[in-house]
Amino acid sequence: FMNDGLFKFVFGMKSHEKVAIALLNSLLRLDGNDVIQELEFLNPFNIKEHSDDKISIVDTRVKDASGRYYNIELQARAQKSFTKRFAYYLSKLYSSQLNETEKYNQLRPAIGLAILGFNLYPDSERIDEEFVFRNRDCSISLNNIMRMHFVDLTKIASLKEHKNLSEMTLFEKWAYL
């Protein structure tokens with residue numbers, strides 16, 4: 001059962017900051033210095049800058065104390081253009097960071113987390129897929145620009161068949177929840 005309104009209520013409000021932090025830390029597998037300690041909740045609207053721009057509203061948009069930006073989306077049903085829409089939201093999150101007087105070196109990482117109620121990548125057995133900018137032979141990665149994470153909740157059922165709750169990792173428990 002996936003409810004967009006309930007998701008925004010639980011993970012998109014300052015009063016539920018600790019729950020949102022726990023979700024991000026576990027599903028993104030953050031540890032050490034990367035662990036999120038606090039969040040600033042941002043406006044979920046991608047406002048039009050020009051009259052012919054597309055307006056969009058994301059589920060949850062936050063910034064952590066180290067300056068990383070996050071877009072968290074819950075998507076219950078498959079949509080043909082979901083990955084394009086999600087990439088659009090992430091690029092908006094990245095490109096909206098600077099004003100006219102700021103320098104490009106002030107840009108901070110933009111990370112998208114999509115929690116899916118459908119199988120986006122049927123050929124993959126993994127519960128989560130991460131996409132980053134890489135060169136052709138994957139020897140160089142640009143992790144500190146943009147990353148997209150897709151967590152496929154449809155694959156949790158098979159995980160539950162092979163593991164008890166006590167054997168699951170924190171990531172697996174959150175995905176199961």
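Helices (H or I, at least four residues) and strands (E, at least two) are taken as DSSP runs and numbered from the N terminus. This is a predicted model, in which local features need pLDDT of at least 70 and side-chain atom pairs count only at pLDDT 80 or more, while totals for chains, interfaces and linings use all residues. Residues are numbered from 1 along each chain as its sequence is written, and side-chain values use heavy atoms, with hydrogens and water left out.

**Colour by confidence.** The pLDDT is the predictor's confidence in each residue, from 0 to 100. The protein averages 89, and 98% of the residues score at least 70. Confidence is lowest in helix α4 (residues 156-162), with a mean of 74, and highest in strand β6 (residues 110-116), at 96.

**Select Asp4 and Lys8.** Their side chains meet in a salt bridge (3.4 Å, N to O); the term denotes a side-chain nitrogen of Lys or Arg within 4 Å of a carboxyl oxygen of Asp or Glu.

**Select helix α2 (residues 17-27).** Eight of its 11 residues are buried, that is, under 20% relative accessible area, where exposed means over 50% and partly exposed in between (1.4 Å probe, protein chains only). Among the buried residues are Ala20, Leu23 and Leu27. Their cover includes α1 (4-11), β1 (39-41), β4 (60-64) and α5 (170-176), judged by contact, meaning heavy atoms within 4.5 Å.

**Move to Arg29.** Just after α2, Arg29 takes a positive phi of about 55 degrees. Asp128 forms a salt bridge with Arg29, the closest N and O atoms being 2.7 Å apart. This pair links distant parts of the chain, with Asp128 in strand β7 (residues 128-134) and Arg29 in the loop between α2 and β1, 99 residues apart. Asp128 counts as buried at 15% relative accessibility, whereas Arg29 is partly exposed at 44%.

**Select Glu73.** This residue lies in strand β5 (residues 69-75).
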